[in-house]
Amino acid sequence: NSLVEKPTWQIVDSSKLDCFQRCRRKFFYEYILGWRQDLPAHDLYFGECWHKAREYQLLNGYDKYLEAFNLFETEYRKEFAEETDEIYRPKDAFAVLMALEKFHSDRPNDLVDNEVLLTETSGTVPIDFKGRKLHYRMDSVIRRKEDGKIFSWDHKSRKKSFNRQWSESFQLSIQNGTYTHCMYCMYPIKDVLGVEFCGTAFDYLIRGSKARSQGYQIEFLRVPAFKPPDQMSSWLWSVND
């Protein structure tokens, strides 16, 4: 049976390329044949709603965590009712409220020391001289007030605590290179730092300990994965390949 080409085949982004690198068969099933589960994938949809809440805080202040949470819950409840919270714990609505409030209490200087230039910006960026383009959508573009350096905070959420594998996965990721390449195209290269991945870990302990109390646990971890221009050639070669 012949396949009819779809316009979406020509839209190439970091997620598609990461999938292709991991498993070409999965890439074929998901992005060529378009096979999807009928039910929404919880982690993916949770992440989309989490991005909306974090964007609201970046634009309006970390003290607006209740408003950011209302935005999250409005979107999240379109697919996942309150009855499902116990199923998906610890990545549920109550944990999100705790995390958004924790940004306000633990990161008070984020928007004092930095200026938010863009949020959820998207488009295409050239990757060769033949017209080939890579699609992107960046969570944020930030300017550090101290020295004017430009970087991006990319929001990540996960279950359980952070580990070394999670932290090191961003150094060579296609997404990291893509966002860095975008900023190199938008701003003077000398002013660009790169991408800092901002992880929020959600956990729930049935039994507590001396180190960690019972109940919800929220952890933050930022991983600077800056790639200077001399490290970008291998990324560019890989992406074009």
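A pocket here is an open set of points on a 1 Å grid over the protein atoms alone, with protein on both sides within 12 Å along at least five of seven lines, and lining residues have an atom within 4 Å of a point. The volume is the space filled by probe spheres set on the points, the probe being 1.4 Å.

The model is predicted: local features need pLDDT of at least 70 and side-chain atom pairs pLDDT 80 or more, while totals for chains, interfaces and linings use all residues. Residues are numbered from 1 along each chain as its sequence is written, and side-chain values use heavy atoms, without hydrogens and water.

I noted 17 lining residues for the second largest pocket, with L17, F20, S238, V239 and D241 closest to its centre. Helix 1, helix 2 and helix 10 (232-240) each give at least two residues to this lining; helices are DSSP runs (H or I) of at least four residues.

Next I checked helix 9 against helix 10. They pack at about 110°, their axes 10 Å apart; axes are lines fitted to C-alpha atoms over the stretch in contact, with angles from 0 to 180 degrees between N-to-C directions. Helix 9 is therefore roughly perpendicular to helix 10 (65 to 115 degrees).

Which residues meet? I found I174, G177, T178, T180, H181 and Y184 of helix 9 against M232, W235 and V239 of helix 10, contact meaning heavy atoms within 4.5 Å.

How values were computed
Parallel < 35°, antiparallel > 145°, perpendicular 65-115°, else oblique.
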